[in-house]
Amino acid sequence: MNDHAASLPLTETPIRVRNAAHNDDDHDTPLVTGTNVGHRFKNGPWLFSNLNFTLHTGEAIGLCGPSGSGKSTLLSIIAGFDNPSKGTVTREHVSRIRWVFQNPHGMPKRTAIDHVVQPLLGQGLTREQAEDEAVAIMSMFRLTHVAAREFSELSGGEAQRLMLARAIASKPDLLLVDEPTAQLDQHTANDIDATLTGLAQDDVIVIIATHDSNTRAACSRVIDLAWHDSASTAEGRMS
Ligand SMILES: Nc1ncnc2c1ncn2[C@@H]1O[C@H](COP(=O)(O)OP(=O)(O)OP(=O)(O)O)[C@@H](O)[C@H]1O
Ligand SMILES: [Mg+2]
């Protein structure tokens, strides 16, 4: 279902150490702006058109709509991995983007904490510093009790939370999360929803593609692709 997104090698992008002045300098605040954005693949129908949006830090933005409405495609356009067929997307002060996949991909034999330590070591921290910070991040995601466990031993919800913790450890400006709750039971899904919206308090733009009504409700703002179906199909027929 998410082959398009899953082909993006995002977690392997280079590490940038955040400028220490970043949090204090309004001019550095990440901002993503979309103007009259529309997309279709080759001569297929328009998935969406005339989308206008401004995405700020400090809010969790839901990208909602039924399966096939173009959520993953729009995530990829927002990230700059694909160009829209129409309109423009600009990213200001966005140097580091992280994408958290629907299906958590970890290293089965590596411990949970290793997954979070790795991006911190890449930022130049010593192992001791990295482990301290990893523990702090993992506690945000209620993962400290599984820190020493191998990835293959984690539950689905723990593995999904670990991928979010790992993404946060690499200090992204833009965090794209594709269907975080699709394969989880309701209790675990609610847990992920609360964690995601908590992330939005930080200096990061959080965008969550979902067709889960609870995840949608947990977001502070929603871009809804559902209503674009009929309008964009009509436009597709006309052109
Ligand atoms: N590279 C591609 N070439 C042609 N069509 C594509 C390509 N990628 C996606 N599509 C089609 O575009 C439509 C939107 O796909 P997309 O993956 O963005 O939907 P989605 O809203 O994320 O769906 P889901 O909820 O199932 O993940 C689908 O009909 C899909 O088959
Ligand atoms: Mg998708």
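In what order do the 5 strands of the open sheet stand, and is their pairing parallel or antiparallel? The order is β5-β6-β7-β3-β8, and the pairing is parallel. Two strands count as paired if DSSP finds at least two bridges between them. This is a predicted model, in which local features need pLDDT of at least 70 and side-chain atom pairs count only at pLDDT 80 or more, while totals for chains, interfaces and linings use all residues. Residues are numbered from 1 along each chain as its sequence is written, and chains are lettered from A and ligands numbered from 1 in the order in which they are written.

The protein contains 8 helices and 8 strands; helices (H or I, at least four residues) and strands (E, at least two) are DSSP runs, numbered from the N terminus. Of its 239 residues, 42% are buried, a label that requires 20 or more other C-beta atoms within 10 Å of the residue's own, with C-beta atoms placed from the backbone.

At the edges of the sheet are β5 (97-100) and β8 (221-224), each of which pairs on one side only. Direction ignored, neighbouring strands are turned by 20° against each other on average. Within the sheet, β6 (residues 174-178) and β7 (residues 205-210) pair in the parallel sense over 5 bridges, and Leu176 stands opposite Ile207 in β7. Helix α2 (residues 71-79) packs on this sheet and touches β3 (60-64), β5, β6 and β7. The direction of α2 makes about 165° with that of β6; such angles run from 0 to 180 degrees between N-to-C directions, and axes are lines fitted to C-alpha atoms, for helices over the stretch in contact.

Helices α3 (residues 112-122) and α5 (residues 156-169) pack at an angle of about 15°, their axes 8 Å apart. The two are therefore roughly parallel, the term for angles under 35 degrees. Ala112, His115, Val116, Pro119 and Leu120 in α3 meet Leu162, Ala165, Arg166 and Ala169 in α5, where contact means C-beta atoms, placed from the backbone, within 7 Å. These residues divide into 7 nonpolar, 1 polar and 1 charged.

Two loop residues remain. Most residues other than glycine have a negative phi. Lys171, in the loop between α5 and β6, has a positive phi of about 50° although it is not a glycine. Lys171 is buried because 20 other C-beta atoms lie within 10 Å. Glu179, in the loop between β6 and α6 (186-199), also has a positive phi of about 50°. Glu179 counts as buried, with 22 C-beta neighbours inside 10 Å.

Technical notes: Parallel < 35°, antiparallel > 145°, perpendicular 65-115°, else oblique. Contact = placed C-beta atoms within 7 Å. Nonpolar A, V, L, I, M, F, W, Y, C, P; charged D, E, K, R; others polar. Buried ≥ 20, exposed ≤ 12 C-beta atoms within 10 Å, placed from the backbone.
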